[in-house]
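I opened the model to look up a few places in the fold. My notes follow in the order I took them.

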Amino acid sequence: MKLTVFGATGGVGREIVRQALAAGHEVTAVVRDPARLEVTGEGLRVVRADLRDPEALRPAVAGRDAVLSGLGARRRADAGTGIATQLTRSVVRAMEAEGVRRLVVVSAGPVGLAPADSPLLDRAMRVVIGRVFKDVYADLTVMEADLANSATDWTSVRPPRLLDKPVTGTYRKVVGGFPRAGRTIARADVAHAMLGAVDDPTTVKQGVGVAY
């Protein structure tokens, strides 16, 4: 497949690029600073672009089979709309202008509903974490609402606390929900789940919870 990856220098985005190349896909990595992208390989094209300018992003998404975004929110969002929402809006506008539909983004577990049978400790942790990172989750909630109103065939992959560990390919996945007592997952496995969602029709226009 021909894939475009945004946020390619971040923890999840870098893993998406690495795993996609290893699987034989053609990858266009859109970055602000090419020097920060440590991944190399046959089939990789690096594009430097202003992520806030949809017109500048159109050549990077034109003719692609799918777009994947590792763009994350910040604990302190910009005044007004958060950074994840701002940048994802640019990506969506570029895709809509080019007629590209498939989009997979990374979000966060607390954006979706918790399992009804969540342990008491998990419910308490969710409340505390939600307060500490309220700006992040508010940003991602608006981002996902924008996706729901877009013309894209989107999927939002929602992980819990992220770890820097190698890919295992072994984790739990719940379409439209979140794994019970799911507390951690490696960034590499989030990338694995995102790539797996690209050609999985059951994940279209859905949030997908992933965790160990």
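**Entry 1: Pro 201.** I started with Pro 201, which is exposed at a relative accessible area of 64%. For me, exposed means over 50% relative accessible area, buried means under 20%, and partly exposed lies in between (1.4 Å probe, protein chains only). Pro 201 is found in the loop between α6 and β10. I then checked its distance to Asp 153.

**Ground rules.** The model is predicted, so I note that local features need pLDDT of at least 70 and side-chain atom pairs count only at pLDDT 80 or more, while totals for chains, interfaces and linings use all residues. Residues are numbered from 1 along each chain as its sequence is written, and side-chain values use heavy atoms, with hydrogens and water left out. Helices (H or I, at least four residues) and strands (E, at least two) are DSSP runs, numbered from the N terminus.

Entry 2: Asp 200 forms a salt bridge with Lys 173, and the closest N and O atoms are 3.5 Å apart. This pair links distant parts of the chain: Asp 200 is in the loop between α6 and β10, Lys 173 is in strand β8, and they are 27 residues apart. My criterion for a salt bridge is a side-chain nitrogen of Lys or Arg within 4 Å of a carboxyl oxygen of Asp or Glu. Asp 200 counts as buried at 17% relative accessibility. Lys 173 is partly exposed, at 45%.

**Entry 3: strand β10.** Next I followed the chain to β10, residues 206-211. Five of its six residues are buried, so I call the strand mostly covered, by the under 20% cut-off. Which strands pair with β10, and in what sense? Strand β6 (residues 153-158) pairs with β10 in the parallel sense over four bridges. Strand β8 (residues 172-175) pairs with β10 in the antiparallel sense, also over four bridges. Pairing here requires at least two bridges found by DSSP between the strands. Val 208 in β10 stands opposite Val 157. Val 208 is also the bridge partner of Val 175.

**Entry 4: Thr 184.** I looked up Thr 184 in strand β9. Is Thr 184 buried or exposed? Thr 184 counts as buried, at 18% relative accessibility. Leaving out residues up to four places away in sequence, Thr 184 touches Pro 160, Arg 161, Leu 163, Ala 211 and Tyr 212. Contact means heavy atoms within 4.5 Å.

**Entry 5: Arg 183 and α4.** Arg 183 forms a salt bridge with Asp 122, with the closest N and O atoms 2.5 Å apart. Arg 183 sits in the loop between β8 and β9 (184-186), Asp 122 sits in helix α4, and the pair links distant parts of the chain, 61 residues apart. Asp 122 counts as buried at 11% relative accessibility. Arg 183 counts as partly exposed at 39%.

I also checked the surface of this region. Leu 121, Met 125, Val 128, Ile 129, Val 132 and Phe 133 make a nonpolar surface patch of about 460 Å². Patches take residues with over 30% relative accessible area and no salt bridge; like charges are joined within 9 Å, and nonpolar side chains (Val, Leu, Ile, Met, Phe, Trp, Tyr) within 5 Å. The areas come from the Shrake-Rupley method with a 1.4 Å probe, and for residues only the protein chains shown count as cover. Val 132 lies in helix α4 (residues 120-132). Val 132 is partly exposed, with a relative accessible area of 39%.

**Entry 6: helix α1.** I finished on α1, residues 11-22. This helix has twelve residues and reaches 17 Å from its first C-alpha to its last, close to the 16 Å expected at 1.5 Å a residue. The expected span is 1.5 Å times one less than the number of residues. Buried residues of α1 include Val 12, Ile 16 and Leu 21. Their cover includes β1 (2-6), β2 (26-31), β3 (44-48), β4 (66-69) and α6 (187-197).

Glu 15 forms a salt bridge with Arg 18, the closest N and O atoms being 2.7 Å apart. Both lie in α1, three residues apart, about one turn of the helix. Glu 15 is buried at 17% relative accessible area, whereas Arg 18 is partly exposed at 37%. Just after α1, Gly 24 takes a positive phi of about 90°.

**Tally.** The structure holds eleven salt bridges. Glu 55, Arg 58 and Glu 98 are linked in a network of them.
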